[in-house]
Each structure stands twice: as C-alpha cells, then as structure tokens.
Amino acid sequence: MSLQTDTIAAISTPTGPGAIGILRLSGPEAVPIAEKCFKSLGGKGLREHRPRELVYGDLLDSGGQPIDRVLCAYSLGPSSYTGEDTAEFQCHGSPMVLSLGLEALFAAGARQAGAGEFTRRAFLHGRLDLAQAEAVGDLLEAQSREGARHAAGQLAGALSRKIGGIYSALVDVMAHFHAVLDYPDEDIDPFRLEELDRTLSDQEGELNALLSTCGRGKLLREGVPCAIVGRPNAGKSSLLNAMLGWDRAIVTDIPGTTRDTVEERCELGGVPLRLIDTAGLRDTDDPVEKLGVERSRKAMEEAGLILVLIDASQPAEEEDFALLQEAMALAPTILVWSKGDLPPAPIPVVNMELPATVTVSAKAEDLDELCQAISCAFPQDLRRDYGQILTNARQEEAASRARGAVRQARGALASGVTPDALLTDVEEALQALGELTGQSVREDVTDRIFSKFCVGK
C-alpha cells in the first residue's frame, strides 16, 4: 500500500455550534501551512516553540485577516498520531469560524481529508495495526460504557497481542522447519511429531477461544436485543420510556396503542441493550394490530433477553403465564410486575418455576430492581477480557480461516503426511492472521474499513 505524500486538512469535531472546534492537518507541509495561517501573540513563529506546546494567537484567513483567537500546536513525525508532521488549531466551535479556517488551510496548500484518512495514515506509517485502527471506529461508535472499555483495550493493543502470540508460535514452526530443510548439515534438532501436534493443538485452542468471543463482540457493538412483551396496557411503552429516560413511545390508556415494534438503545445494569417495545400480545381481528402481534412474536424469537410485563394492579390471567412460559423457552427472561405505584392485586399461585422477578414503577422511574436483575442475567459475559474480543465479521472470517488451516495441518499430520508438506497449511494460517492486524491485508479491504470512519478522524 502506497503512502500518500500530500498534506490533508479537516474539521475534526462534530457539525453544529459548540464550545470548541478543531482543525487538523497531517502531511509533509502541515507545519509550514499552519504557520501561514497563524500569528502568535507572543511574536515568535510557530516552529520557534516546542512541538506539542500550545501557542496562543490568531487564526488568519487567506488574506491575512484574523478569523478567531485560537490555540495552535504541532507535532513532528514519526512521533505523532499519523506518523507524519501534524498541526492542530483549537478554535471556538462556530461552524462559520471552522469553515473559514478550513478554506484558509486549503488556500495555503492543504487538501480535504477523506473519511478515516488520518487513521489510515497512522496505519500505513505503523503507528497502529489494523485491529487497533478498527478499534478507533468502535470507540467513536460506542454506545455503552462496556463497549467503550473494550474498544479502548483493543486500541491499546490487547487483541493485537493475543493474535501476535498465535502468529509467533506458528512462525516458530515455520522457522524451525525451514532451518532443518535448508541446512541439513547443521546440527538442528528435527521436530518430533508429538511436539508439532501439541504446538498446533495449542494454537487451535487459542483460535477457538478467540472465535468464541464473536457473540460478545456483536452484543457490545449492537446491544443485547431485549424484547419488552406483555398483554395490551401492561405498561410496556411506559417502561421503555423510563429505561431510556425520555418519552420515545406514545403512552395512552387505550389498549392496542402500540401497533409496531419500536427500537432504541440504552445501558442498564452495565449491559448495553437494544430495547424493542412490542405491540400487546392478544388475539385480534384488526389486520394492522395482527401484523404488530406477529412482529412482537418475531422480536421474542430473536431476543437475547425478554422482559415479560404483567400489570400488578390487575388480576393476572392464565395467558400472562402462558406468555411467560413461552418467553422462558426462547431466551433469558425477567418477569416484571409493572405499575408498582398502584395498589397491587392479589398474586395468584401458579404451578410453574418463575424466572427472576422484579416490581417496577415506570411512573416513578424506580428501576433499581430491574437494573440488578439485568446485571445478574449477564454476570460477567460482557465485562471481562477488555479488548481481547473479535468485534466484526471481517475479523471473525479471518480468524475462522486461520483455525481451519491449523486444523487441516493437524489432520494432515495425523494421516502421515510428511512435516514439510504442512508448511502450506501453516502459511495459510499466518496469512489469515496477518489480515487481522494488517500485515497481509489487501488494499480494497482497508479502503472499505476506513470509508466507515468520519472525516477528520
């Protein structure tokens, strides 16, 4: 992959007014271009200050007129985020100020950065490997504390080190075989078959463990699909609004108000959730409501957690517990007695083992019991091995190919194939592992990865 040698610039903060707005430059002319657009209030030029030192002064337009009073700093490659010379302006967060500043940088010789181009340059200059670069994207998109923690761990190199251990063990196998084959006159111990099989078995086990994390990675990125189900008027939409902290769903006393599924994300009990408010489950002749009921049942079938609501202020009916039993057969389930702020109706005795049970008052936003129950439903599943999990389909596919190649090598060994013939399988495994970190990845793959980033990152 070729390194680009031009200088790029972009606004690196979200659109819209804000307290601070950042303009970023990277490339061989980053510092000279920044100097053309900046006048220090201290009288010294930008490069007369130390790298990474914040300098107070004016951001200038292409005609030399002040746009804003800003802080400016520069860094020299390779000790920068991108591995190139960089510069950054910290401005007031006015969209007009940032637009005028960007125009001045373009006029001074920079070009508009593409999506993810700063991080792509960091990857190309060896400042980040591909797994770490993807972690930057995960961190930008994180919608829960656990998701952010895992992305931060991956950015710090936790996944790369895990992959590196497997890669290194397989390289040792390759190196030893090549030494024996290429230097037959040297006193090099040949591999014993038992030792080779043990090494390959260990690495297959490591890859199995790595691939077992894919489900957790998906849940961290997308949230646990959590279906909120119950009969009409059980309080499902009120609970959804309380869990979100804002009124997302329409709430009325009229049964059947919710006709379709409503989805939103939140975090409760330390677990990222993709909440799905469903239509009330009942027999109906209304074709629109019937379609909503069908979608509710589909949401239950695809859920990773089901909250079954029963109105605690009304006598529970047989169909409530039939729904509860159906839910328990599909996914981890919590029985939620809703409307806990109202006088309770007698709770019937039922001949079935109940799941975790809580009482909530969505009106009072009293969700402590529910938070605890959700946390217990996923005790440590999402809160361990920070950064050491696979978080997307590309990583899963590459790791799966590496495992398949190692398995094939073990099978060939067991069937009596000569050890030197196993090198092809080991090389295939190394190729796949290299794609995880970017050591052997194709350029079209990196194009697709970085195109998902925002401009300015």
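How many salt bridges does a search of the whole structure find? The search finds 18, where a salt bridge is a side-chain nitrogen of Lys or Arg within 4 Å of a carboxyl oxygen of Asp or Glu.

This is a predicted model, in which local features need pLDDT of at least 70 and side-chain atom pairs count only at pLDDT 80 or more, while totals for chains, interfaces and linings use all residues. Residues are numbered from 1 along each chain as its sequence is written, and side-chain values use heavy atoms, with hydrogens and water left out.

**First stop: Glu134 and Arg394**

Select glutamate 134 and arginine 394, which form a salt bridge whose closest N and O atoms are 2.9 Å apart. The pair links distant parts of the chain: glutamate 134 belongs to helix α4 (residues 130-141) and arginine 394 to helix α13 (residues 393-414), 260 residues apart. Helices (H or I, at least four residues) and strands (E, at least two) are DSSP runs, numbered from the N terminus. Glutamate 134 is buried, at a relative accessible area of 8%; arginine 394 is buried as well, at 18%. Buried means under 20% relative accessible area, exposed over 50%, and partly exposed in between (1.4 Å probe, protein chains only).

**Second stop: Lys162 and Glu206**

Next, select lysine 162 and glutamate 206, whose side chains meet in a salt bridge at 3.9 Å, N to O. Here helix α6 (residues 158-182), which holds lysine 162, is linked to helix α7 (residues 193-211), which holds glutamate 206; the two residues are 44 residues apart. Lysine 162 is partly exposed, with 23% relative accessibility, and glutamate 206 is partly exposed, with a relative accessible area of 35%.

Move to arginine 231 and glutamate 317, a salt bridge with its closest N and O atoms 3.8 Å apart. Arginine 231 lies in the loop between β8 (224-230) and α9 (236-244), and glutamate 317 in the loop between β11 (305-311) and α11, 86 residues apart. Arginine 231 counts as partly exposed at 21% relative accessibility, and glutamate 317 does so at 37%.

Then select Asp6, Glu84, Arg111, Glu117 and Arg121 together: salt bridges that share partners join these residues into one network.

**Last stop: helix α11**

Finally, display helix α11 (residues 318-328), and colour its buried residues: Asp320, Phe321, Leu323, Leu324 and Ala327. Viewed down the axis of α11, these buried residues fall within an arc of 155°, so they line one face of the helix. The arc is that of the directions from the helix axis to the C-beta atoms.
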